[in-house]
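I opened the notebook on a new structure today. Below are my entries, in the order I made them.

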Amino acid sequence: MELPVEKSLFIFNFKRIPWAFLSSVFLFSIIQAALVHTNTFWRFCYFYSTPSGCDSIRLEAQLRTIPPYDPHIKIFLIGSSQTREDFNVEFLNEYFKEMNMVFYNLGISGYGSPMEMFALKDKFLSKSPDVMIYVTFVGSFYPDDQISLSNTLKYYFTPEVVPYVVKHIGIASLMTKDVRAIMIDYFLGEISVLFKYRDQLRQIFFTPVISYLGTEKWTKPMKYAYSKNQHPTYFAAEIIRNKGDRYKISPYTALNEELFSLFTRDVVTKKVKLIVISGPTHPLIKETYKAEMDGLFNHFLLQQASETGFLYLAQKQLPSFDQREFIDFTHLNALGRGKFSLFIRNFLMYLNQKNDIKFYPKGN
Amino acid sequence: MLFNSLQFFIFFVIVYSLYLCLNHKWQNRMLLVASCIFYGSWDWRFLSLIFISTTIDYFCGIKISQSDAPRRRKRFLLLSIVSNLSILGFFKYFNFFVSNLQTFLKSFGFPINPHFLHIILPVGISFYTFEAMSYTIDVYRNKMKPTQKFLDYVLFVIYFPHLVAGPIMKAKDLLPQVISPRKLSLDQFYEGCYLIFWGIFQKIFIADNLAKIVDPIFASEPPYNGWDVLLALYAFAFQILCDFSGYSNIARGLGKCMGFDIMINFNLPYFATNPREFWQRWHISLSTFLRDYLYIPLGGNQKGTFNTYRNLVITMLLGGLWHGAQWTFVVWGAYQGMLLVIQRLLMPLWEKMPSLQNIFMRRIWFLIRVIFFFHLVCLGWLSFRAQSLSQVCLMLQALLFNFQFGPETSFTIFQIVFFTWILMIVQSAQFLTNDLMCVFKANPVIKTLFYVICYYLVTIYGVASGKEFIYFQF
């Protein structure tokens, strides 16, 4: 007769609790929570981060250091690296200081696509901005061939975008190795902020050491990623490379259009003054894509502006920029930045005169 | 499927859950299937190689034990060894020997145009062929009885924790653990978890971060800077230690969780003060294999001084070649053999030296010897890591004549210290307490602190991309 099978399940009969392990997990969680709720930590992160490479943590750091009940009028400048590079925030803050306004440049590297803005919407709105200025361009809606979910959502993924991605791009796009890794990172990042920003934190923690050892000179804190204008040959080469077909309609267009509608609707519903600007671009960029794209882009934004109730500034309403004022096709240099910031200042003053934005402290 | 990947984590959770629910017979069957899946995740086709090898060895083992005629026994032993070495030689060394033959004949004015094989090296082939051979050799030597159950034998070879990068377990040590029911205990489970944790930490925090320092320097073009080469060698010394001992720790930990006792493969090798001691601490499973199945059969140290030196050099040369079909590995093996010979030559002089009476001075002297020998080991790593012998020469030249302290140098030093300080503390504690599990057995407060620091370092600096273990290529 066969003996009864002896099971090994007794291992789960924990008679000795692994206290060291449990207490270390608890301690790690406590230290981490304490750290991420400390403004000094986020200021340190912002101080030693570099634009472009560390944009996601810079954004987090900026948002986290905004006091919950800030008496100032908060103006969020959002969008892609175009936003980050095109505004002189010091100039705007200085000018509007007396009017109790504070500008936050929250531009992030990437496409500045509505998908990214939609993913970040709740973060923005949780800080109760008064005005949001979203700088966008034709590439945000009609992306080039480089577009993929992984490079768009790498640091900004949220499960809320999933149904829309499935609807427009297909479920297969979520099954790729890169996107799966992003989703896993997202869930682990929800547990640990240090894990979420590990790539940037590595750099940020080493930067003071690099600076101290004299390995690299460090200008702190860095505001702009680019400082050197591209050589004229760069533009010529890009025009040839793109063969007039850089930005075109793709499944991402419909996805971005739908998410843009949702984003703007939610922002406007929250009584935030939303200004969407078709940002300045290098005159030669028009040679990299078909002219009809500009028409489609403007038509969509004008239609949305009238339906949703935000302000839209088309490129033709901006001052004209010449080639000397650009770093590359989409980013202004210091000269262009000065001009564009001055324009924004005047535009906001104009809105004030129209009583569209109230330039006095809240509660008055 | 790498140990440091999410796939493996899911795989192991499933395997372990099933393992706990099954009896011994079904545990073995399930482990066999799981090991096939694990190996098949690299390339299913190479599973056939393992089955060919194990079938021949199993058959030879039985035939050897059934016969008393020495010639017949020897014939089956040869059949097993030849078949194993043929598979290894064909997949690993064919192109190497053919290309060298081509160069050799060309130098004598006989150019040939040989056919090269365009095949990838089966993962872990060097490890499992040695394990399989150990079985028939031990049966032949009457050190063990052959198993009558083919599936048990296959599981001994293919058992996934040690399949692709060792430790190279001898059949007489592992096979009985496969055959007999294993005992599980909570202590063993916790110990296993600690080993897995520390192994993963060694891999993803230390080894993979140091690789970022080492790889660009060895991939760069000459001229080399002596500082860069020296720091790359220091970094590589710790990278390879943590990469390989990390893997061994994970393998041992997985084994412990399942009630297997897999041998210790690394025992603080950089605390060695001489080559002999180094090989008693480094890749112990390989060095004992080479000692038992190559050095001793060659005559060991029993056939005169010259033959002892010859045997040492042959053993280490073949040990070097075992690592890979490249002259750099042969040179590394020759260098290690030479160190062992020099040690034997100097032994009489060494023994005549008066020993230090003062404890403090003895410790200082020990430290000096450790540091000195560590540098000799690092010099050997140059050949081990370099891509070609010409690179070895150029880097040696830079080490001797071209030292320039560049702006990056101080930061590289900082990085090496940053990524190794915790290892140094742990290994110092292990050495002083003479206990590799001293952290596991430490005071709960120290243990908690250790875990917290490790979590922090892994969370931020852990390389999550799942870089392959260095020894997979061997």
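**Entry 1: the model**

I noted before anything else that this is a predicted model.

**Entry 2: chain B against chain A**

I began with the contact between the chains. How many residues of chain B are in contact with chain A? I found 34 residues of chain B in contact with 34 residues of chain A. Next I looked up the area buried between chain B and chain A. It comes to about 3000 Å². Carbon and sulfur atoms give 72% of that area.

Then I checked for charged pairs.

I wanted to know which elements build the chain B side. Four helices of chain B each supply at least two residues: α1 (6–21), α9 (186–219), α17 (409–433) and α18 (444–461). Which of them gives the largest share? That is α18(B), with 10 residues. I also sorted the chain B side by class. I wrote down 22 nonpolar, 8 polar and 4 charged residues.

**Entry 3: the two domains of chain B**

The area buried between domain 1 and domain 2 of chain B is about 2500 Å². Carbon and sulfur atoms give 69% of it. Which residues of domain 1 of chain B lose the most area to domain 2? I listed B:Phe96, B:Tyr159 and B:Pro167. Together they make up 21% of what the domain 1 side buries.

Polar links came next. I counted 10 residue pairs in polar contact between domain 1 and domain 2 of chain B, both residues at pLDDT 80 or more.

The rule finds 1 salt bridge across the interface of domain 1 and domain 2 of chain B. I also looked up the pair B:Lys170 and B:Asp292, whose side chains meet in a salt bridge (2.4 Å, N to O).

**Entry 4: salt bridges**

I widened the search to all chains. The structure holds 25 salt bridges.

I went back to B:Asp292. Its side chain also meets that of B:Arg291 in a salt bridge (2.9 Å, N to O). Is B:Asp292 buried or exposed? I found it buried, at 14% relative accessibility. B:Arg291 is partly exposed, at 42%.

Salt bridges that share partners also join A:Asp55, A:Arg84 and A:Glu85 into one network.

Another pair on my list is B:Lys256 and B:Asp261, at 3.8 Å, N to O. B:Lys256 counts as buried because its relative accessibility is 10%, under the 20% cut-off. B:Asp261 is partly exposed, with a relative accessible area of 47%.

A:Arg265 is partly exposed, with a relative accessible area of 46%.

Technical notes:
Residues numbered from 1 in each chain as written. Chains lettered and ligands numbered in written order. Predicted model: local features only at pLDDT ≥ 70, side-chain atom pairs only at ≥ 80, totals over all residues. Heavy atoms only, no water. Contact = heavy atoms within 4.5 Å. Buried area = accessible area lost by both parts, 1.4 Å probe. Nonpolar A, V, L, I, M, F, W, Y, C, P; charged D, E, K, R; others polar. Salt bridge = Lys/Arg side-chain N within 4 Å of Asp/Glu carboxyl O. Buried < 20%, exposed > 50% of the residue type's maximum accessible area, 1.4 Å probe, protein only. Polar contact = N/O pair within 3.5 Å; in protein donor to acceptor, adjacent residues only side chain to side chain.
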